[in-house]
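Have your viewer open and try each one before reading on.

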Amino acid sequence: MASRNTAIGMIFLLQNVVGILRNFLFLYPYIFVHYTGHKLRSTDFILQHLTIANSLVILSKGITNTMAAFGWAHFLSDSGCKLVFYVHRVGRGVSVGTTCLLSIFQFITVSHMNSMCTEINVKIPRYIGSSLIFYV
């Protein structure tokens, strides 16, 4: 039974490491472009926000599940447990909200030029940053 828990813990640990590494590798080019002074596209802000939200979910839920699989069931205090639960809920909510925002942005971008979304298509890049603030 102990070897089974260790194997499950190692699988969780591998998933966490790969997930965090993949999110960092996805976020790194955006950070590099931002600090070199180049202008980012409108969808880049949404994708950065989504990457950070996914990292919060992986850090909050993945690490606690990994520790529990290794047998450390009570490694957090009451306030630490509440904090991890809060971070997970915020990360999940921001992830869902940002995905919806990306879907709306893609719909407006792909819509036909003769539709009524044409004037929104011109204005939408200005409102991406301010709409992301409301999800936090």
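A salt bridge here means a side-chain nitrogen of Lys or Arg within 4 Å of a carboxyl oxygen of Asp or Glu. Keep in mind that this is a predicted model.

**Exercise 1.** Find which residue forms a salt bridge with K82, and work out how the two are placed.

Solution. Start with the distance: the closest N and O atoms of K82 and D78 are 3.6 Å apart. The cut-off is 4 Å, so the pair qualifies. By this rule the count comes to 1 salt bridge. Next, the spacing: K82 and D78 sit 4 residues apart in helix α3, so about one helical turn separates them. Last, the surroundings: exposed means over 50% relative accessible area. K82 has 56%, so it counts as exposed, and D78 is exposed too, at 54%.

**Exercise 2.** Decide how helix α2 runs relative to helix α3: roughly parallel or roughly antiparallel?

Solution. First grab the geometry: α2 (residues 42-69) packs with α3 (residues 78-110) at an angle of about 150°, and their axes are 8 Å apart. Angles over 145 degrees count as roughly antiparallel, so α2 is roughly antiparallel to α3.

**Exercise 3.** Say which residues make the nonpolar surface patch of about 540 Å², then classify F24 as exposed or partly exposed.

Solution. The patch is made by L21, F24, L25, Y28 and F32. Now zoom in on F24, which is found in helix α1 (residues 2-36). Its relative accessibility is 47%, so F24 counts as partly exposed.

Definitions and conventions:
Residues are numbered from 1 along each chain as its sequence is written. This is a predicted model: local features need pLDDT of at least 70, side-chain atom pairs count only at pLDDT 80 or more; totals for chains, interfaces and linings use all residues. Side-chain values use heavy atoms; hydrogens and water are left out. Patches are made of residues with over 30% relative accessible area and no salt bridge: like charges are joined within 9 Å, nonpolar side chains (Val, Leu, Ile, Met, Phe, Trp, Tyr) within 5 Å. Accessible areas come from the Shrake-Rupley method with a 1.4 Å probe; for residues, only the protein chains shown count as cover. Helices (H or I, at least four residues) and strands (E, at least two) are DSSP runs, numbered from the N terminus. Buried means under 20% relative accessible area, exposed over 50%, partly exposed in between (1.4 Å probe, protein chains only). Axes are lines fitted to C-alpha atoms, for helices over the stretch in contact, and angles run from 0 to 180 degrees between N-to-C directions. Angles under 35 degrees count as roughly parallel, over 145 as roughly antiparallel, 65 to 115 as roughly perpendicular and the rest as oblique.
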